[in-house]
Amino acid sequence: MAVLGTTVPTLADISASMGADGSFDSDRVNLLAQTNEMLEDMVWKEGNLPTGHKTTQITGLPTVGFRRFNEGVALSKSTGAQIEEGAAMLEGFFQVDRGLAILSQDVNQYRLDESGLFMEAMNQTLQTYTLYGNASTMPESFTGFGARYNTLSGPIGNQVIDAGGSGSDNTSIWLIGWGPHVFGMYPKGTVGGLHHEDVTVNRQAMEGMPSVMTGDVLTDANGRLFMGYRDHFSWNCGLVVRDYRAVSRVANIDISELIAGTVDAADIIKLMIRAYYKIPTVLRKNNGSKGFGRPAFYVNSTIKAMLHEQALEKNNVQLNLREVEGKEFVSFLGIPVREVDQLLNSEAAVV
């Protein structure tokens with residue numbers, strides 16, 4: 001028999017959510033909440049295909065030359081390659097027994113809190129795949145930055161800086177120029193962003209009837225029926241990188257050596273300078289103006305803590321720490337440094 005409690009709330013879950021007086025505790029603490037500031041910067045655009053987005057990358061410039069009087073020059077044109085980025089459908093359902101929801105003493109608040117947890121799960125999943133997704137190994141997903149910038153050779157390898165780590169306890173620093181060349185994408189004809197819908201068909205109380213009379217007939221894992229409520233969460237999403245030069249990655253940062261402060265530890269300030277000069281000048285200098293995009297560094301909390309410490313040293317004039325609207329704000333070379341909890345400390349070495 002299937003264990004129903006692994007996918008839907010149980011009486012024990014409701015009991016754990018109650019306060020000392022037996023009322024529903026709407027002030028629960030989510031110990032799994034994360035900080036993923038990349039999603040706050042990510043630019044979203046509608047794709048030009050029902051399944052994603054097709055774009056052309058310029059791979060070669062036209063040939064030009066000098067000429068003499070009465071002589072011409074050869075005809076020429078630029079060359080390009082078409083790439084097609086696929087979109088994925090990230091979805092989830094939540095359903096709860098009506099009787100359990102009533103026991104919470106606040107049906108609407110209970111469902112609202114569960115919706116918040118689902119949205120947190122959707123955000124974390126999207127962030128994970130934006131970094132580590134690979135449609136080649138999981139076709140129903142989309143390809144993230146990690147699978148694109150995963151070599152130290154070739155044109156892409158020119159955007160990847162090797163910090164020297166060789167084991168499996170590495171992390172990365174990303175510099176991404178969000179804008180017309182790098183953006184999140186949703187398929188043509190759909191709506192972008194995370195969507196929540198109450199899909200309980202009989203969700204409105206009948207005239208003159210109490211709210212507990214609402215709800216749908218739902219089915220358990222064994223095909224048996226019960227009354228309950230159901231919510232649906234969806235996010236049509238993908239990633240488009242039209243110009244690979246708008247992204248640079250500092251890979252192979254050995255975390256254990258960095259924390260221990262060994263002689264082989266990565267100099268993250270120097271590496272971030274190198275990453276800065278890997279992206280186009282127009283993106284560096286205009287920093288969000290004139291339509292060139294908006295760059296930002298992305299690090300996990302381990303790296304950000306070390307940058308915070310270095311920002312306190314007076315000689316690090318390019319690393320700035322200040323408070324903006326009650327929130328700490330770290331910038332390097334005028335570019336914000338964002339925190340991303342989904343950035344792992346256990347990345348394999350990029351070779």
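Predicted model: local features only at pLDDT ≥ 70, side-chain atom pairs only at ≥ 80, totals over all residues.
Student: How are the names of strands and helices assigned?

Tutor: They are DSSP runs numbered from the N terminus: helices are H or I with at least four residues, strands are E with at least two.

Student: Why are β5 and β13 said to stand at the edges of the sheet?

Tutor: The open sheet has 7 strands in the order β5-β11-β6-β12-β15-β14-β13, with mixed pairing. β5 (160-162) and β13 (319-324) each have a single partner strand, so one side of each lacks a neighbour in the sheet. From one strand to the next, the twist averages 25°.

Student: What does helix α10 touch in the sheet?

Tutor: Helix α10 (residues 301-311) packs on the sheet and touches β6, β11, β12 (294-299), β13, β14 (327-332) and β15 (335-339). Contact means heavy atoms within 4.5 Å. The direction of α10 makes about 100° with that of β13.

Student: What do β13 and β14 form, and how many residues lie between them?

Tutor: They form a hairpin with 2 residues between the strands, and E325 in the turn has a positive phi of about 55°. The strands run antiparallel, joined by 6 bridges, and V324 has K327 of β14 as its bridge partner. Another hairpin is that of β14 and β15, with 2 residues between the strands and L333 at a positive phi near 55°. In this case 3 bridges join the antiparallel strands.

Student: Why are α8 and α10 called roughly perpendicular?

Tutor: The axes of helix α8 (residues 268-276) and α10 come within 11 Å and cross at roughly 105°. Axes are lines fitted to C-alpha atoms, for helices over the stretch in contact, with angles from 0 to 180 degrees between N-to-C directions. Angles under 35 degrees count as roughly parallel, over 145 as roughly antiparallel, 65 to 115 as roughly perpendicular and the rest as oblique. The two helices are therefore roughly perpendicular. I268, I269 and M272 of α8 meet I303, M306, L307 and Q310 of α10.

Student: What makes the pair F145 and W174 tilted?

Tutor: Rings of Phe, Tyr and Trp (its six-membered ring) pair if their centres lie within 6.5 Å; planes under 30 degrees apart are stacked, over 60 edge-to-face and the rest tilted. For F145 and W174 the centres are 5.8 Å apart and the planes make 45°, so the pair falls in the tilted class.

Student: How do you know that F145 and W174 count as buried?

Tutor: Buried means under 20% relative accessible area, exposed over 50%, partly exposed in between (1.4 Å probe, protein chains only). F145 has 0% relative accessibility and therefore counts as buried; W174, at 1%, does too.

Student: What makes F297 and F332 an edge-to-face pair?

Tutor: The centres are 6.0 Å apart, with 65° between the planes, so the angle is over 60 degrees. F297 lies in β12 and F332 in β14, so the pair ties together parts 35 residues apart in sequence. Both residues are buried.

Key:
Residues numbered from 1 in each chain as written. Heavy atoms only, no water. Pairing = 2+ DSSP bridges.
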